[in-house]
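Thanks for asking me to look this one over.

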Amino acid sequence: MKMGEIEDGEADHITADIQGQKCALVCESLHGTTNDKDYGPRMSALFKNPVCKVYRFQTVDSKWMLVREQMAESTLSFTIPKQLITLHIQEDSRRIQELKDLGELSPHWDNLRREVITRYDQVIRSYQENLEELDKLTGPSFKPSCSKAQKYLEFIPINLHTQRMRVTCPRKTDAFYDIITVGAPAAHFQGFKSGGLQRLLGRYENEKKSYSTAYQCIYYSPEQTARARDVLGTLSELQPLIGSLADRLLQAAQQRCAHALRDTLKSLAEKTEQFVHALKDELVKSALLALHAARPGYVSKTQTQTPPLQTRAPQMPSHPGQTVTEPDAVVCNNVAGAQTPTKEEPPPPAGPLERQDSIPHHKEYDEEEWDRVWANVAKSLNCVIALVDKLQEQDNNNQESTPDQALADVITSHNPSEWREQLSPLVASLKECVTEVGDRAQKSMTFVLLQEAVCSIPQGLFLQQRRDVVFSQALSALACGFVMRLYAGLEDKGFLQQLHLVGLVAQFESLLSTYSEEIGMLEDMETGISDLHRVTFRITEAKSDDPADLQPVVSGRRDHYTVEVPLPQQSFQMIPPELREGKPLQVYPVLFNVGINEQQTIAERFGDISLQERINQRNFEILDGYFKTLSDKVPSECLPCFQTQMDVKELLETLGQNVVTKKRKNVEILWLAGTICRRLNGIRFTSCKSAKDRTSMSVTLEQCALLRDEHQLNKDYFIRALDCMRSSRLTQGEAAQWDDPEAGSVANHKPASRHFYPIALLLVSSHLLVVWLILSLVFLLAKYQ
């Protein structure tokens, strides 16, 4: 059927009689091929088994619009979790090796280390079993809600689907609206008897303090342990990079290429500066002392033996030509000779240094030694910079003083390896200083994490597993939404500009109640969505158009992940240079929750909804901050145009008023947040417990409202269109797995809008009913007695 030929109503349409109502269902396609106009042939590698329905509705001017609804599964439901599990296994395996590399410890700490390693081994084996089971799976590319409590599927999101509504109107260009539906990211297999992550983590931090006393550990706050992980991540990234840049510097010196020498030196100085400043932390220094205290036969150095040495951190050069001016800085005299840099105190690191043990195993430990070793990195770099400047200055002077006719003879007479020979000792000294500092810092931060793991042995690793599960589900949904939004905006220059200047907002709409086990689900979901702040995206060029080469790739560790999204060569050339260069792209996840079912009625009358209020208020601040940043950096012309006149600033003010207003089931919060998200080129998600009934009701209502507000749907057709979409969605439940087999609405093919419940059942639960019966029985017995 040609979607363009509908202006005069030429297209035939079929009406389906559902519960006595005429439904303008034109055609239906189940599990067909992905339509090029909706997803494109290249996206067929990521989206599978589409379900398509086409409707025809009348506009206010008596014209006809054609609405195409297409839902599809995403292969990312499984590929993203499997990559994450693999990364978790690698990270925990590295952690075990780092613990073993700590060296000799006292019997007390050695026993604790063995216990922690045993726990890590158990987690690794569990993740390996999950991965093996996932590799065996074939069939649909999603997890149905009836499988949500299966252990080997706990990393997989529930019912992750993409939904696209394309609208074709007379004399107007096509418009489409995307939304991702997914079950609330939560650890269903582990259950919610003790609450969700938000509550469990708060309780765990309080208990960890008492365990630190019992195990004779130093208590480190969550911020300090996060800082320790950051330092370890920085070391693993920068230390090999500095080594490779140092080798490139010697190669440029070998070739006497002044331009390459200058550029490489600039990069080397920048990365070394980052390295030094990352270790400029009292946590590293205090952890070194704590580690030494855990060695066998430790004796503290008395302060009366030597007065404390006041060591100032050296000032890193702001450019390759600048050197430090500290009182104890290296004085690189006779730099041209490159052999005898001098230093007042202590000896200079210009030549090859005598390597010391990373952590001295003698009984007395000089607490100021770390400052001296750490400062030697900057001083060694200054010697390299000074020598390079000296060599280039001499080379320039020789070229200016030499007659033109003899210049070629002078150049060829120089030994090509002369620069390299002079630089080699200084570069070797720099690399050795970096290696020594990195080794010490790595051991100290590993010891911090060992103490954190020891204090958390009772339940810390269990909570980490739960957090991994929830994050895996959340990241799968986010990656799916990002890929879908990216492909949809490849020809939108304003969107691409917004993408690399600021990033995108990802708005998660939750319909969970704040009652019973759904409180735990919401607490899990809050933590999982918040953890998405640790994710950045990068766009890369795919090796080929093969489906395997178009799959997003996840890399990183638990404190930061990068998702690389490959684009086909033709699409990759369309994006701005900043995106082609691999610039990290930020995503700002926000979560708004409003419970809408009968359990929420009970929670609002007799329970506590403070969790929902706090979530909405906190995420409003994030959304408001994102809009302010966007307004400063991106012109308003880059944002999409809508028919409604209210601008984003007014919508945000109204949303801010609603999140602090005490109102039962204030669904206007969700409506405003969703509208703002679409106005800001964002990614829309809708969730409930299983992404079925409540989610489908919300999606269909939003779609019909968009048809009314943006495409002039006739008022008389609004309810008809809503019933039609909901009814057809229920009849496709078996094919699309949107409903559980036990759901009565599927078996009876009844639209959800036709269901009515007694008011009494909306106000009481089974628990209250039991209490009422018991009290009534007691009253009757007392009366007859």
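**Notes on cores and helix packing**

1. Let me start with Leu200, which is buried, since its relative accessible area is 7% (buried means under 20% relative accessible area, exposed over 50%, partly exposed in between, with a 1.4 Å probe and protein chains only). Leu200 sits in helix H3 (residues 197-214); helices here are DSSP runs of H or I with at least four residues, numbered from the N terminus.

2. A word on the source: this is a predicted model, where local features need pLDDT of at least 70, side-chain atom pairs count only at pLDDT 80 or more, and totals for chains, interfaces and linings use all residues. Residues are numbered from 1 along each chain as its sequence is written, and side-chain values use heavy atoms, leaving out hydrogens and water.

3. What does Leu200 touch, not counting residues up to four places away in sequence? Its partners are Ser194, Gly195, Leu463 and Arg466, where contact means heavy atoms within 4.5 Å. Leu200 also lies 9.7 Å from Gln459, C-alpha to C-alpha, although 259 residues separate the two in sequence.

4. Next, the largest nonpolar core: it has 56 residues, and those with the most contacts inside it are Leu475, Phe482, Leu499, Leu532, Phe537 and Ile539. Such a core is a set of buried Ala, Val, Leu, Ile, Met, Phe, Trp, Tyr and Cys residues joined through side-chain atoms within 4.5 Å. Helix H10 (residues 460-488) gives the largest share of this core, 12 residues. Apart from it lies another core, of 47 residues, with Ala228, Leu265, Val427 and Val437 among them.

5. Phe537 deserves a look of its own. Beyond its neighbours within four places in sequence, Phe537 is in contact with several residues, including Leu478, Ala479, Phe482, Val563 and Val565.

6. H10 also packs against helix H12 (residues 517-531): their axes come within 9 Å and cross at roughly 65°. That makes H10 roughly perpendicular to H12, a label for angles of 65 to 115 degrees. Axes are lines fitted to C-alpha atoms, for helices over the stretch in contact, and angles run from 0 to 180 degrees between N-to-C directions. On the H10 side, Arg466, Arg467, Val470, Phe471 and Ala474 meet Asp524, Thr527, Gly528, Ile529 and Asp531 of H12.

7. Finally, helix H1 (residues 76-100) packs with helix H9 (residues 418-455) at about 110°, their axes 10 Å apart. H1 and H9 are therefore roughly perpendicular. Arg95, Glu98 and Leu99 of H1 make the contact with Gln442, Thr446, Leu449 and Leu450 of H9.

Conventions. Helices (H or I, at least four residues) and strands (E, at least two) are DSSP runs, numbered from the N terminus. Angles under 35 degrees count as roughly parallel, over 145 as roughly antiparallel, 65 to 115 as roughly perpendicular and the rest as oblique.
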